[in-house]
Amino acid sequence: MQNAASPPARAPLLRRSAARYSGWRLFLEALTGHRGWGEAWRKARPRERYRVVVVGGGGHGLATAHSLATEHGITDVAVIERGALGLGNVGRNTTIIRSNYFHPDNIRFYDLSLTLWEQLERQLNFNAMVSQRGTLNLFHTEAQRDLFTRRANAMRLLGVDALELSRAEVRRRVPLIDMDGGRFPVLGGFLQPRGGTARHDAVAWGYARAAAAAGVDVVEHCEVTGIRCQGSRVTGVDTTQGFVGADVVCLAVAGHSSRLAAHVGLTLPIETHVLQAFVSEALKPVLDLVVTYGAGHFYISQSDKGGLVFGGGIDGYNSYGQRGTLPMAEEVAAAAVTLMPALARVRVLRQWGGVMDMSMDGSPIISRTPIDGLFLNAGWCYGGFKAIPAGGRATAHLIAHGEPHPLARHLDLDRFAAGRTIDERGAGPFPYAH
Ligand SMILES: Cc1cc2nc3c(=O)[nH]c(=O)nc-3n(C[C@H](O)[C@H](O)[C@H](O)COP(=O)(O)OP(=O)(O)OC[C@H]3O[C@@H](n4cnc5c(N)ncnc54)[C@H](O)[C@@H]3O)c2cc1C
């Protein structure tokens, strides 16, 4: 043991450089039995007070805290997560990243995110397995071709990549597709070459590690059970580890947004629905694009481990159950074998669900609330994974400057009351219709 008078022991060479991951470090660790790796992030206990408390250690909560610390110099921040990191939607999604939206404001916002994904691994010093393999939306009717052409043109006008693929090109690129099968032959597709996938839970771990290194307290296994206010101003949160005071509280709890907001009497334009996904046994490489079926609820990609990762639409009823159900397995399987009959011979390894924060216009909310100091990052529906880098940056900007980020002005909460909802797909206010 070292006494107070003795000089501090010098950490061994490997320990001292433990903070940074690199090929060189991997090489050194391999020589010494991988005993030198430190913990990826500090396991913090909550202090009595912070400048900012972010509730929810999913992708958006962690990205917000990271951006506050690294871009705005606000390090007196805690992320309070009720479970372990990565077990919410951030680690349950099908990992697709893209910016092929139609509404110009949404294109700009999601393309900021895609641009940030392109730099993310270097920025976080973490391998998030970002793979820009391309996302392909199939079309099956002339009317659908028109819709996609309109969307692709809207993207191209803003300098975002979008290509039309002919039927022959789709056949060449994705031999698994039965081009003439079912009631809806494939006429062609639209490709966003910069779209692709990223390793979902690595994104949570990478942000947590980088945020903690920048001074943020990442508190796990601590549930927020109440939000306290004085008059109309937030003063902190009650948690299972006691009261934590804060000047600012930001809710980033995805499918639990309505429940948390109810603590301060807010009713949000958000419903919670389950979205399910599936992964098959590992196969040799058979699919090098993300493919979305245009005539049914089905999309698919192949993970780097070889599993086919696929899913469909949300369940039509409200639920907080993070599990799969047989009716959805049947619906997704039917669409899968219609588009790719060979999948009938593939065994499914796992099926799971995540609770989606479905907003009433299908677009997210990054906003102040009627409670001073209470901010909201929510309403991501089934598309919030791709938005994590931009969502975190925009939320941090709003907290730090008190003004919306220039590319997220349209995502305010007031739009629902003012009738300025965002008509991304003309799907209306019904979550199940998105
Ligand atoms: C099956 C499925 C497939 C999907 N596929 C895609 C996709 O391919 N591409 C895409 O862009 N998006 C996809 N999504 C959506 C995406 O995953 C979500 O929109 C996004 O992850 C939500 O943001 P988040 O990461 O912050 O949420 P989460 O990871 O859910 O974070 C919220 C956190 O808040 C915590 N929390 C809740 N209540 C409390 C409390 N009281 N106190 C403390 N903590 C609390 C939760 O435990 C959770 O960790 C998919 C989702 C699912 C379920």
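**Exercise 1.** State which residue just after α7 takes a positive phi, and give the angle.

*Solution.* Helices (H or I, at least four residues) and strands (E, at least two) are DSSP runs, numbered from the N terminus. The model is predicted: local features need pLDDT of at least 70, side-chain atom pairs count only at pLDDT 80 or more, and totals for chains, interfaces and linings use all residues. Residue numbers start from 1 along each chain as its sequence is written.

**Exercise 2.** Compare the span of α7 with the expected value.

*Solution.* Helix α7 covers residues 200-213, which is 14 residues.

**Exercise 3.** Determine why α7 is described as largely enclosed, and what its buried residues pack against.

*Solution.* A residue is buried if 20 or more other C-beta atoms, placed from the backbone, lie within 10 Å of its own. In α7, 11 of the 14 residues are buried, so the helix is largely enclosed by the rest of the structure. Among them are His-200, Trp-205, Tyr-207 and Arg-209. The packing partners of the buried residues are α3 (59-71), α4 (104-124), β8 (217-219) and α10 (388-401).

**Exercise 4.** Characterise the chain as a whole.

*Solution.* The chain holds 11 helices and 18 strands. Buried residues form 47% of its 434 residues. Its C-alpha atoms fill a box of roughly 80 × 60 × 45 Å, taken along the principal axes.

Definitions and conventions. Expected span 1.5 Å × (residues − 1). Buried ≥ 20, exposed ≤ 12 C-beta atoms within 10 Å, placed from the backbone. Contact = placed C-beta atoms within 7 Å.
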